[in-house]
Amino acid sequence: MRDRCLLDLTAAFDTVDHELLLLRLERQFGLCGRPTVLPWFRSYLSGRSFRVLYGGSMSSVVYILCSVPQGSVLGPRLFILYFADLEDIAKEHCVTIHSFADNTQLYLHCSRNDTTTTIARLEQCLVDINYWMSADRLKLNMDKTELLWAGTRRSLSMGDGSFPSLQLGGAIIAPSQHVRVLGVIFSADLSL
């Protein structure tokens, strides 16, 4: 059986702290000592602004103090680098993580008899992830976070057929029968 948790972040690309990102690029990804690369990234991220034209009226200028630009190849890559510490947190809990930009899934394998221990481990991992996210100006959107217990039809029907829910703070995430991952719908019995 596989326990899959799909995390959703609130306005993930819009909350990336430029200084934290630049610090990570320098210290974690080795861009220090390169006289043009880090200043280029700083230039790319800073000085951005936007206005809105609606019905012939123009808004005032809004200066962007955080976020990575969307609609480019570099935006999602910068977000992934900003988000890279999350993999270390998942590894501490022996949880497999898969991310595509701001779409993140956590996976755990377990036997049908071990669902209670598995959900407890996943909950503790999510507590640590939530703590890290709040320190890095990211927010886990519990309303869009989903839980799927996946397995064969036989393993899903064993026992009383119920699986534990996920609890994080005051939020309870009941298991779903279907989840959407990057536009593909997966069912609990592993059919598409």
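**A hairpin, a helix face and a surface patch**

Let's start at the turn: strands E12 and E13 make a hairpin, with two residues sitting between them. One to look at there is Leu182, which lies in the turn and has a positive phi of about 50°. Keep in mind as you click around that this is a predicted model. The two strands, E12 at residues 178–181 and E13 at residues 184–187, run antiparallel and are joined by four bridges.

Buried here are Asp85, Leu86, Ile89 and Ala90. Look down the axis of H4 and these buried residues fall within an arc of 145°, so they line one face of the helix. What lies over the buried residues of H4? The cover includes helices H1 (18–27) and H5 (115–135), along with strands E6 (96–100) and E7 (103–109). After H4 comes Cys94, and its phi is positive too, near 55°.

Last stop, the surface. Phe50, Val52, Tyr54 and Val62 form a nonpolar patch there, and together they have about 420 Å² of accessible area. Val62 belongs to strand E5, residues 62–63. With a relative accessible area of 37%, Val62 counts as partly exposed, and it clears the cut-off for patch membership, which is over 30%.

Note on methods
Residues numbered from 1 in each chain as written. Predicted model: local features only at pLDDT ≥ 70, side-chain atom pairs only at ≥ 80, totals over all residues. Heavy atoms only, no water. Pairing = 2+ DSSP bridges. Patch = residues over 30% accessible without salt bridge, like charges linked within 9 Å, V, L, I, M, F, W, Y side chains within 5 Å. Areas by Shrake-Rupley, 256 points an atom, 1.4 Å probe, with all protein chains shown as cover. Salt bridge = Lys/Arg side-chain N within 4 Å of Asp/Glu carboxyl O. Buried < 20%, exposed > 50% of the residue type's maximum accessible area, 1.4 Å probe, protein only. Arc of directions from axis to C-beta. Contact = heavy atoms within 4.5 Å.
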